[in-house]
Number of protein chains: 2
Amino acid sequence: MTERTDPDVADVIVVGAGSGGLTVAVGLSRLRKRVLLLEADDVGGDCTNVGCIPSKSLLHHSAVWPASGRSTGAVLEAVRRRRTALRDHEIEEFGSTPGIDLRAGRARLVGPGSVELTESDGTVRMLAAGHVVIATGSRPRRVAIDGAPDELVVTNEELFELDDVPSRLVIVGGGPIGLEMAVAFARLGTRITVLEAADQILPALLPEAAAVVRRSLERQGIEIHTGTVAHRFEPAASSAPAGTSAAVADPAVADSPVPGPTPPDPTPGAALPAPPASGSLHVGSPGGTVTSVIDDVDRILMAVGRVPNSGDLGLEALGVALDTTGRIVVDGKGRTSVPNIWACGDVTDRGGTTHSANAWGRRIIKHIVAPIAPAGAEPEHPAVAYTDPEAATIGEQRVEVPADVRRLRVAFADVDRGYTDEVDDGVIIVDVRRFSGRILGATVVGPRAGELISVFALAMKNDLPFHKWYGTVWPYPTYAAALGQLVDDYMTATVTGVGGEFVGWARGRLRRRR
Amino acid sequence: MTERTDPDVADVIVVGAGSGGLTVAVGLSRLRKRVLLLEADDVGGDCTNVGCIPSKSLLHHSAVWPASGRSTGAVLEAVRRRRTALRDHEIEEFGSTPGIDLRAGRARLVGPGSVELTESDGTVRMLAAGHVVIATGSRPRRVAIDGAPDELVVTNEELFELDDVPSRLVIVGGGPIGLEMAVAFARLGTRITVLEAADQILPALLPEAAAVVRRSLERQGIEIHTGTVAHRFEPAASSAPAGTSAAVADPAVADSPVPGPTPPDPTPGAALPAPPASGSLHVGSPGGTVTSVIDDVDRILMAVGRVPNSGDLGLEALGVALDTTGRIVVDGKGRTSVPNIWACGDVTDRGGTTHSANAWGRRIIKHIVAPIAPAGAEPEHPAVAYTDPEAATIGEQRVEVPADVRRLRVAFADVDRGYTDEVDDGVIIVDVRRFSGRILGATVVGPRAGELISVFALAMKNDLPFHKWYGTVWPYPTYAAALGQLVDDYMTATVTGVGGEFVGWARGRLRRRR
């Protein structure tokens, strides 16, 4: 059924009710703008439904398992309940926010300020507004694996629907999503192998920082293969029941193909059907050589990057510029190449985290309301992988630092709290311009890294040079006291003569231990 | 044997090789000053030996118990080993630092720049220097409990020497030391009762913050009696073996005295002898009324404050001013009332934490070397109790805030990471001057509080007003993202008109949930 009526009119149409869209819609509604907020799927977007919330919830529930007394299936169910409660709250909240008209349906831009909304029953409504904000997010990239049945392969969109944990899970992709789930499922007893095509996991991190995470994950029993991709899947001769032993085959015989019978019917599952059968995954170099066969694989998590949801929106017809990967190009105000069409979040070329979507959404609110306001400086956006340990970065991550930059390091093992807490790995790295004290970038891999990187987020936003950190009294023995050790090192190395020598003996009793 | 020879001469004599004294000695030695560093007991002072290091180590080891597979006695032994390894490292390091002459013995000031050192064999040496720095620390205050055998009552000085955990431990004093140990021993299976004479535990905290810690400790099975002190101890009729049940007696019958037989001989223990017998502790109001009897008490931890080690140093004869509690009065440069005699750390009236001793030690170094340098502003010193959850404060802690101060609050339950991590209690409180944005004080009671208060330590040291925090991109979903919610609240409440409304919807999905 298709009907066309006079358009529903608002000040702003926001396409997508995830982290970016909700920020814009709520902010504008508080400024007394009428907002039409359109969502094709679940309110809350990836963050609430298949991202931050269920993944951090699973990390938490797996950390307190088995002491929680739950079965592994009940852990997954608890995560779903928590996620769904938040989603329901958001639907209720944003569905009743004055000034926000929340509509379910799929949107398509048909002209400047003109949007066609197709509702689930096929009804098409015309909507009109002075501005359109695109916040449609992204979806997981899927790479086909020869022979792997569709039901075997999940992404973060299906992972949290599993009725129980896999026995042997291969995670394709060693980025934050893949590694966080590696940690969580390994805690719940799943045997995990991570395949990463690049030569290090977490490729956005400095090699020494990524190496810390790798060592820790391996100590947690997680197998990691870098420079490795999945080539083909072969179902086992007979369906292996969950919980059977599995091993990486001898590479010498790994290339011999295993006959693959027709998989049996899927076992019915509480949430998502169990895969048709376990089998063997042949993995190897991206060039094609199979180096290992992983047997008894009963689930594959695909976590190899994101694809922006920029198609089917009518953007090309309107001339909205995309980059080569399909992401919408925006300027410092959040504007696309077409006047009065704005974009934020994963669908743009400006970063794909909830806090980035929020920060860019705030910019859009400002510039819709105050068009002549300058864009202003864009603060650094930190990034955190919630692995064990957490890995956090902000600013530049240069493998080689130029001569006018001092790279400062402190190992958590040389920090007193690290000593009392038996933290024998992990590091804080800070790059500071030698004479100005300007902080160019920082990396924290270790306990509470997400909190520690936040100190840098505040300081860098305010251009607080590193020498102005000197004199701060850091509470002892926190992990943050390590920051005082770094500042002392900077002052000792930078300030000549007596001034530098004042630095003296830091609170870090262990600092000269190695 | 007493002999007097020509004095050993140095630039500076530092009395006490704990946190403050080591800071001063190392800092001055790097400035090529010759330092005589005197220590009557263990190098490293309270922090290394009976304070921060063993207490945080025990908190860690108890948190990973019983998964660590150790016996409770082995946990205590592991803590001792860790502590002793650090002490040995410090003795080696500071005993071989160029410019530092580390001497064992008890010091007494006999004139300006003149110190008499009595070594353990009775040898007395005269030492002379241009400056003397007193960093003799403090010791636990001991309050007598009628009828309690000496061996039953320990302080932090003996606690870590126990050969196994008590069955039922009464902790007298609800400050940071007592409560941290309550958490650690409760995890190891000890039944704990905390007695606090004041009407709240952690009296330095805002009542609502202290109440968070109390609720959490009670959920951990720790009994807490505020407004309560120990009146008298009565040994049980027969020595109760460890592990027997114990209960607070019916208050109605609590006053009837229990006959106390002669205690049996002490049981030999691996480290510290076991107490002669368990017994009943009669507790009640500070006025004297017994309200409860705690049976089967087999250890009492006395944690009711600290006494400065300012006696027996010859200070009175030299005219060094003390306050009414015996602490050495120092000015903003760390000077006592007598020229060229300085003091830092617990023995002074300027705070008794390792980080405060360090900060004041650094000031003394500066002013010994550069006497005409101004003292400069003294940054705020944070304080952290490493309970579960941690409780951290900085700056003013006013129960009532004046009209020109805005008190901002965010509950961890309304922070998204709190939601995923099932944190249903805890709060961040910030007091901000309404128009200037100046931060007057902050309290964090919840996960990672020690790290979060450090953000305030840096900002307050640099007079960074709260409105300049606005625009910082806090990583989501960290606990630090809660700081962004507080800043949004401040901006919304403070900035009038459109500016304030920009704040919009924070990353905190839950913030309007309640």
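Ten aromatic pairs are found over all chains of this structure, which is a predicted model. One of them joins Phe412(A) and Tyr479(A) in an edge-to-face arrangement, with 5.9 Å from centre to centre and 70° between the planes. That pair links distant parts of the chain, since its two members stand 67 residues apart.

**Aromatic rings and charges**

- Phe412(A) lies in the loop between β20 (405-411) and α10 (416-420) of chain A, whereas Tyr479(A) lies in the loop between α11 (449-461) and α12 (481-494) of chain A; both residues are buried.
- A single aromatic cluster is formed by Phe456(A), Phe466(A), Trp469(A), Trp474(A) and Tyr490(A).
- Across the two chains, the charged end of Arg82(A) sits over the ring of Tyr419(B), at 4.1 Å from the centre of that ring.
- Within chain A, Arg363(A) is placed over the face of Trp360(A), and the distance to the ring centre is 5.6 Å.

- Chain A contains 13 helices and 22 strands, and 58% of its 514 residues are buried.
- Of the contacts in chain A with a separation of 6 or more, 65% are between residues 24 or more positions apart.
- The accessible surface of chain A is about 19100 Å², and carbon and sulfur atoms account for 52% of that area.
- The largest nonpolar core comprises 152 residues, and the residues with the most contacts inside this core are Phe456, Phe466 and Trp469 of chain A together with Phe456, Phe466 and Trp469 of chain B.
- Three of those core residues, Phe456(A), Phe466(A) and Trp469(A), also belong to the aromatic cluster described above.
- Leaving aside residues up to four places away in sequence, Phe466(B) touches Leu408(B), Val430(B), Val432(B), Gly437(B), Ile439(B), Phe456(B), Leu486(B), Val487(B) and Tyr490(B).

**Relation between the chains**

**Backbone geometry**

- The peptide bond from Asp388(A) to Pro389(A) is cis, with omega near 5°, and Pro389(A) is located in the loop between β18 (383-385) and β19 (390-395) of chain A.
- Tyr476(B) and Pro477(B) are likewise joined by a cis peptide bond, with omega about -5°, and Pro477(B) is located in the loop between α11 (449-461) and α12 (481-494) of chain B.
- Arg32(A), a residue other than glycine, has a positive phi near 65°; Arg32(A) occupies the loop between α1 (19-30) and β2 (35-39) of chain A and is exposed, at a relative accessible area of 66%.
- Glu422(A), also a residue other than glycine, has a positive phi near 55°; Glu422(A) is in the loop between α10 and β21 (427-433) of chain A, and its relative accessibility of 36% makes it partly exposed.

Key. Residues numbered from 1 in each chain as written. Chains lettered and ligands numbered in written order. Predicted model: local features only at pLDDT ≥ 70, side-chain atom pairs only at ≥ 80, totals over all residues. Heavy atoms only, no water. Phe/Tyr/Trp six-rings, centres within 6.5 Å; stacked < 30°, edge-to-face > 60°. Helix = DSSP H or I, 4+ residues; strand = E, 2+ residues; numbered from the N terminus. Buried < 20%, exposed > 50% of the residue type's maximum accessible area, 1.4 Å probe, protein only. Lys NZ or Arg CZ within 6 Å of the ring centre and 35° of its normal. Contact = heavy atoms within 4.5 Å. Areas by Shrake-Rupley, 256 points an atom, 1.4 Å probe, with all protein chains shown as cover. Core = buried A, V, L, I, M, F, W, Y, C linked by side-chain atoms within 4.5 Å.
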